[in-house]
Amino acid sequence: MRAGGFLSVVGPSGCGKSTLLNMAAGLMQPAEGTVEIFGEPLRGINRKAGYMFQQDALLPWKTVLDNILLGLQLRGGEPKQAGRSAQAWIHRVGLDGFAAHYPHQLSGGMRKRVAMAQTWIVDPDIVLMDEPFGALDVHTRMRMEGEILTLWAETGKTVIFVTHDLEEAIALSDEVVVLSAGPASHVVGVYQVGLERPRNLIDLKTDPRFVEIYRSIWSDLREEVLKSYARSQPQ
Ligand SMILES: Nc1ncnc2c1ncn2[C@@H]1O[C@H](COP(=O)(O)OP(=O)(O)OP(=O)(O)O)[C@@H](O)[C@H]1O
Ligand SMILES: [Mg+2]
């Protein structure tokens with residue numbers, strides 16, 4: 001993908017979306033082919049990437065504030081400045097008043113928001129996000145999507161975003177990659193989303209051009225979803 005771009009990957013459950021992100025993060029080696037990061041082959045862990053896992057990876061014995069601070073502490077950041085930055089992130093993800101809470105005291109969506117702050121606070125060049133907003137209610141989700149787009153536009157980071165939700169993929173991305181149903185999944189299509197930015201997420205989905213792009217991608221994805229559904233039925 002293009003450096004500084006926003007790319008989404010969609011495809012049926014089990015087709016290898018998380019696997020792709022794991023390879024981009026350097027947690028897994030591809031059996032064939034190579035992973036290149038800004039033109040350099042990736043060896044070992046990808047230190048340029050922040051990874052927001054599909055299952056959140058918060059430390060249960062640390063508070064919201066300490067979980068968010070973790071990355072900066074591991075990098076040896078100056079404590080006062082790190083604290084200010086973590087407070088700003090708590091606000092940004094709408095968790096004012098929850099700094100001293102522990103993960104088990106939060107809802108699923110709140111934990112996702114902590115994980116998002118954890119990923120972005122360390123200012124990685126590449127952000128890998130695996131279905132970050134699936135557990136959120138519609139309003140929070142739209143707010144977080146808007147937040148991501150603003151952050152991305154301000155910082156020029158490269159984002160790879162995995163989602164089940166084709167509407168979300170189109171609304172956020174420059175480019176949408178559709179994968180086929182597994183096993184032996186392949187790329188079904190790569191679609192450019194030419195909608196101008198900044199995008200108004202509230203009205204975008206009724207824009208006729210959005211609907212047109214959605215129709216064209218869905219006609220391909222639909223086949224794959226049906227195949228995957230047929231395979232998962234008892235014989
Ligand atoms: N191309 C592939 N090569 C080898 N293994 C694969 C491939 N694609 C998927 N797998 C295996 O299939 C399983 C599911 O893959 P993965 O978790 O990446 O799916 P997913 O698309 O993220 O699904 P979900 O949408 O349910 O999260 C994993 O155990 C993974 O190792
Ligand atoms: Mg997955």
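**Chat about the ligand shell and the sheet**

Colleague: How many nonpolar, polar and charged residues does the shell around ligand 1 have?
Modeller: By class, two are nonpolar, seven are polar and two are charged. Keep in mind that this is a predicted model.

Colleague: Which residues are around ligand 1?
Modeller: A run from P12 through S13, G14, C15, G16, K17 and S18 to T19, plus Q54, E131 and H164.

Colleague: How far is a polar side-chain atom of S18 from an oxygen atom of ligand 1?
Modeller: The distance is 2.8 Å. The protein covers 53% of the 630 Å² of accessible area that ligand 1 has on its own.

Colleague: And the backbone, what about G14?
Modeller: A polar backbone atom of G14 is 2.8 Å from an oxygen atom of ligand 1. For C15, a polar backbone atom and an oxygen atom of the ligand are 3.3 Å apart.

Colleague: Switching to the sheet. What is the order of the six strands?
Modeller: The order is β4-β5-β6-β1-β7-β8, in an open sheet with mixed pairing.

Colleague: Which are the edge strands?
Modeller: Those are β4, residues 49–52, and β8, residues 187–192, each of which pairs on one side only. From one strand to the next, the twist averages 15°.

Colleague: What holds paired strands together in general?
Modeller: Backbone hydrogen bonds, with the strands either parallel or antiparallel.

Colleague: Do β5 and β6 run parallel or antiparallel, then?
Modeller: Parallel. Five bridges join β5, residues 126–130, to β6, residues 158–162.

Colleague: What is the bridge partner of M129 in β6?
Modeller: The partner of M129 is F161.

Colleague: Which strands does helix α4 touch?
Modeller: Helix α4, residues 108–121, packs on the sheet and touches β4, β5 and β6. Its direction makes about 175° with that of β4.

Colleague: And α8, which strands does that helix lie across?
Modeller: Helix α8, residues 208–232, lies across β1 (6–10), β7 (175–179) and β8. The angle between α8 and β8 is about 165°.

Colleague: Different topic. Where is P30?
Modeller: P30 sits in the loop between α1, residues 17–24, and β2, residues 36–37.

Colleague: What is P30 in contact with, leaving aside neighbours within four places in sequence?
Modeller: With those set aside, P30 is in contact with M23 and V35.

Colleague: How far apart are the C-alpha atoms of P30 and V159?
Modeller: They are separated by 20 Å, and the two residues are 129 residues apart along the chain.

Key: Residues are numbered from 1 along each chain as its sequence is written. Chains are lettered from A and ligands numbered from 1 in the order in which they are written. This is a predicted model: local features need pLDDT of at least 70, side-chain atom pairs count only at pLDDT 80 or more; totals for chains, interfaces and linings use all residues. Side-chain values use heavy atoms; hydrogens and water are left out. Two strands pair if DSSP finds at least two bridges between them. Helices (H or I, at least four residues) and strands (E, at least two) are DSSP runs, numbered from the N terminus. Axes are lines fitted to C-alpha atoms, for helices over the stretch in contact, and angles run from 0 to 180 degrees between N-to-C directions. Contact means heavy atoms within 4.5 Å. A residue is near a molecule or strand if one of its heavy atoms lies within 4 Å of it. A polar contact is a pair of N or O atoms within 3.5 Å; within protein, one must be able to donate a hydrogen and the other to accept it, and residues adjacent in sequence count only if both atoms are side-chain atoms. Accessible areas come from the Shrake-Rupley method with a 1.4 Å probe; for residues, only the protein chains shown count as cover. Ala, Val, Leu, Ile, Met, Phe, Trp, Tyr, Cys and Pro count as nonpolar, Asp, Glu, Lys and Arg as charged, and the others, Gly among them, as polar.
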